[in-house]
Amino acid sequence: MQSLTAAVADYPDAGLDATLQVPEADVVESGCFHCGTPLRGAVFSSRDKSFCCQGCLTVFELLTENGLADFYRFGKAAGVRAKTVPKEEEFRYLDEPALRRRLVDFADERVTRATFRVPSVHCIACVWLLENLFRLKPGIGYSRVNFPRREVFITFDNSTVQLSQVVALLTSLGYGPELNWSDVEDRPRTPVSRRLWLQLGVAGFAFGNIMLLSISSYFGLDAFSGPGLRKLFGWISLALVLPVLAYSANDYWRAAWLALRRRILTVEVPIAVGIAALAAWSAGEVLTGRGPGYFDSLAGLLFFLLCGKWFQQKTYDRLAFDRDYKSFFPLSILRKSEQNEVRISLSQLQVGDHLMIRNGELIPADSRLICGRAMIDYSFVTGESELVAKAAGDHIYAGGRQIGGAIEVETVKEVSQSYLTSLWNQESLAKEKKPSLDTLTNRYSRRFTKVVLAVAVGAALFWSWRDSTRCLVSFVSVLIVACPCALALAAPFTLGTAQRILARRKVFLKNSSILETLARVGTVVFDKTGTLTASGAGAIVFWGEPLGEEEKGRLRSLAQHSTHPHAVRIAESVEGEPPAQPVRSFCETAGCGIEGIVAGQELWIGSAAWLESRKVTVPSPPTRSGSMVHVAINGKYRGCYTLSNALRPQADQVLRKLSGKHDLALLSGDNEKERERFHGLFGNSEHLHFNQSPLNKLQFIQQLQAPGKTVMMVGDGLNDAGALRQSDVGVAVVESIGAFSPASDVIMSANMVPRLDEVMRFAKSSVRVVRLSLLISSIYNVVGISIAACGLLSPVVCAILMPLSSVTVVAFACGLTTRLGRRLDFEAVCKGGTEP
Amino acid sequence: MIVIFLLIPLSIGLAAVFLLGFIWAVRSGQYEDTCTPALRPLMEDNHPKKKEKEKE
């Protein structure tokens with residue numbers, strides 16, 4: 001049997017009409033037939049279809065030849081970019097018995113079963129293709145996709161196919177699996193929910209049957225048949241309830257036992273005590289023949305408790321999934337190909353892409369160094385700020401930051417959003433926390449359990465003295481009806497939903513408690529460049545003796561290494577795109593400028609003050625508008641660039657709206673020339689601060705915070721990292737850079753800046769929703785516990801009310817927040833905003 | 001009334017069968033993914049070859 005990838009490798013010789021050619025302009029306009037990537041430059045084509053790369057073409061041919069052309073019927077350009085055709089040898093190592101064992105779920109002499117995580121599955125066509133793998137390769141038996149979990153389960157015949165061949169096939173189709181090396185035992189193979197389903201089933205079964213038996217006694221069974229039948233029913237109920245106590249209630253027993261051993265009171269303790277009391281009492285009644293007990297209530301109670309738990313888990317899973325797999329930080333990366341360099345977003349990044357990583361930028365995924373002098377700062381990952389030097393070919397882990405000149409890397413793994421989020425949430429970066437809803441809820445629920453236990457015991461004692469029939473009912477009812485869950489759930493669910501809504505609009509919060517701080521903000525401080533003004537807009541003019549072509553080329557080569565908006569503008573302004581030259585001794589001083597040696601000439605690009613500190617005479621500026629960047633070559637002044645800063649569209653409106661409720665201030669590293677322009681926008685000239693160094697900015701924030709104000713700093717995260725960190729809420733506005741500032745609490749796409757006021761209003765409303773939910777659940781608890789303590793509620797009604805209250809709070813919180821989110825959309829539509 | 005001694009085991013037995021069915025369904029993973037199966041009928045193709053391939 002000739003293997004698939006071997007056939008692919010032979011492919012160009014196979015005589016098919018796959019020729020490299022540059023097609024007509026109209027074809028170039030459209031995208032790749034397989035994956036939809038816009039076509040540029042050299043295009044591969046076959047059977048009148050155009051493709052962006054050999055990989056896509058191969059997949060197309062493969063599908064067509066095997067009668068799977070229907071793939072393209074499910075959606076235009078449904079494929080995933082495969083880029084290159086992987087060699088099967090690359091995966092040979094997977095057939096090593098030790099490694100193989102870690103990847104497969106099951107293997108015997110004949111068949112192997114394996115589950116792969118395939119994050120690139122994104123549509124119905126992908127599902128179809130992956131479930132039809134057996135048509136592509138004999139030996140593969142059965143494949144099934146779990147779309148929500150992005151998993152594919154494959155069974156294959158050992159004698160015809162190797163594991164490496166299966167992985168190679170998946171990779172060649174563009175569905176390269178994430179290989180998980182952890183031991184099979186360590187993996188959460190059977191998800192928690194499967195167990196919950198079974199517990200729910202057992203409880204439901206027992207509840208239904210016991211109810212069927214008990215209901216007759218409610219309607220006076222004894223009148224017909226005497227006490228004999230009632231006793232029998234009691235025994236049957238006891239038998240039915242045993243699996244419920246043993247299996248369905250298992251989690252409550254265990255949690256309560258763990259809590260008692262650690263001598264703490266958790267939410268589960270009163271529930272477990274209630275269940276135990278009810279079970280013991282009912283068993284006693286049946287065994288002594290005194291009565292039928294409360295088995296119907298007991299089974300019903302567990303059934304409804306588990307229903308509530310299931311609902312909670314499902315909602316929580318959806319939140320977590322959206323956060324980890326559906327949303328990507330609005331960071332962009334410079335992808336380098338043979339023809340050009342393109343900025344792509346994190347979500348478009350694929351294994352095998354070549355990336356340019358500039359000074360201060362983050363390595364988004366595990367990569368291999370291709371060229372450049374890499375000095376990697378892993379402080380983000382390990383907390384060690386010592387730089388690690390890497391040589392070409394070395395492996396660089398995701399989360400490192402390049403310090404120094406630009407490097408070129410090739411990614412070897414997919415981007416993991418959840419990994420990046422975990423880096424962001426590291427404890428070493430955590431800010432000092434003020435008392436918040438979170439801690440409020442914690443304190444509340446800790447006391448809550450004590451109070452509930454006290455009330456239950458009190459009610460039991462009271463009724464044992466007054467009316468002993470109500471004693472047990474009141475005791476159990478109080479324990480069951482009390483629902484700290486509703487209190488505990490209000491904040492995480494509301495804020496989680498709000499976080500998700502914002503993430504969809506390209507506003508990423510470090511964690512959901514940031515929303516609370518955001519709602520409290522009193523002062524908003526803006527950085528100017530890249531925040532209020534858009535980089536890339538406005539004219540750029542060079543003043544002074546015109547530079548030669550070669551000098552311009554060198555200048556561009558140097559400027560390319562920096563991510564500062566000015567440097568990026570200067571690099572872009574050099575026409576003709578001369579080839580980049582190597583830069584030695586690159587150094588960037590934040591707030592001052594960049595320097596480096598290109599083709600033996602020392603270039604300094606930066607502010608006037610910085611150049612003057614290096615004994616360069618800087619003549620008085622030729623114009624009075626825009627930012628200035630001065631250039632010196634070999635210590636000699638050559639001229640300056642003026643970049644006129646265009647204000648971001650609608651920036652004036654957002655400032656006007658914010659100024660109604662917040663104090664505003666502006667910090668800028670530039671000189672005072674634009675004071676007048678911002679004077680009108682900020683209303684008061686006192687709040688405008690120019691010529692600010694990064695340290696000045698930080699001190700300014702500290703001054704504002706001294707009287708106890710909550711300060712939000714909006715900046716680009718480059719020159720103002722310190723200020724972002726110092727502020728209560730640091731907002732990093734990103735446009736075209738991959739500088740993932742760990743100091744920030746919020747990462748925001750630049751096109752959301754004009755809608756900052758709406759974002760803040762949304763944060764405020766969601767905190768209000770949390771308060772409202774807390775209020776509702778407190779009222780519920782006070783009323784419920786009072787009635788239960790009077791012995792007027794039967795335990796089974798309590799068991800319905802209790803999960804119902806959690807469900808109500810969760811539904812209320814999520815529903816209202818989603819509605820608020822819709823209003824956010826509606827306003828955008830009214831304004832004609834671009835975001836859907 | 002004696003018939004109740006027949007009916008009760010019958011009703012519980014029937015319910016037990018449903019419970020076993022449910023347990024089997026959960027164990028075989030039918031509750032793990034409630035999204036993809038809904039997509040499958042949409043992509044049933046009308047290929048004549050389909051029947052023999054389905055055998056796998």
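The legends below describe close-up views of a predicted model. Local features need pLDDT of at least 70 and side-chain atom pairs count only at pLDDT 80 or more, while totals for chains, interfaces and linings use all residues. Residues are numbered from 1 along each chain as its sequence is written, and chains are lettered from A and ligands numbered from 1 in the order in which they are written.

**View 1. Chains A and B in outline.** Chain A has 28 helices and 31 strands; helices (H or I, at least four residues) and strands (E, at least two) are DSSP runs, numbered from the N terminus. Chain B has three helices and zero strands, in the pattern α-α-α along the sequence. In chain A, 44% of the 836 residues are buried, and in chain B 2% of the 56 residues are. A residue is buried if 20 or more other C-beta atoms lie within 10 Å of its own, exposed if 12 or fewer, and partly exposed in between, with C-beta atoms placed from the backbone. Of the contacts in chain A between residues at least 6 apart in sequence, 66% join residues at least 24 apart; a contact means C-beta atoms, placed from the backbone, within 7 Å.

**View 2. The seven-stranded open sheet of chain A.** The strand order is β17-β31-β30-β29-β18-β27-β28 (chain A), with mixed pairing; two strands pair if DSSP finds at least two bridges between them. β17 (507–509) and β28 of chain A are the edge strands, each with a single partner strand, so one side of each has no neighbour in the sheet. Helix α25 (residues 694–705) of chain A packs on the sheet and touches β18, β27, β28 and β29 (711–715) of chain A. The direction of α25 makes about 160° with that of β29(A); axes are lines fitted to C-alpha atoms, for helices over the stretch in contact, and angles run from 0 to 180 degrees between N-to-C directions.

View 3. β17(A) runs antiparallel to strand β31 (residues 746–749) of chain A, joined by three bridges, and A:Leu509 has A:Val746 in β31(A) as its bridge partner. Strand β18 (residues 523–527) of chain A runs parallel to strand β27 (residues 663–667) of chain A, with five bridges. A:Val525 is partnered there by A:Ala665 of β27(A). Two bridges join β27(A) to strand β28 (residues 688–689) of chain A in the parallel sense, and A:Leu667 has A:His689 in β28(A) as its partner.

**View 4. The three-stranded open sheet of chain A.** Its order is β13-β12-β15 (chain A), with antiparallel pairing. The edge strands β13 (387–390) and β15 (401–402) of chain A each pair on one side only. Strand β12 (residues 374–377) of chain A is joined to β15(A) by two bridges, and A:Asp377 stands opposite A:Arg401 in β15(A).

**View 5. Packing of helices α11 and α12 of chain A.** The axes of α11 (residues 250–261) and α12 (residues 268–288) of chain A lie 8 Å apart, at an angle of about 120°. α11(A) and α12(A) are therefore oblique to each other; under 35 degrees counts as roughly parallel, over 145 as roughly antiparallel, 65 to 115 as roughly perpendicular and the rest as oblique. The α11(A) side of the contact includes A:Tyr252 and A:Trp253, and the α12(A) side includes A:Glu268 and A:Ile275.

**View 6. Helix α5 of chain A and its cover.** Six of the eight residues of α5 (residues 124–131) of chain A are buried, among them A:Cys126 and A:Trp128. The cover includes α6 (133–136), β6 (140–146) and β7 (151–157) of chain A, together with α2 (36–39) of chain B.

Terms used:
Two residues are in contact if their C-beta atoms, placed from the backbone, lie within 7 Å.
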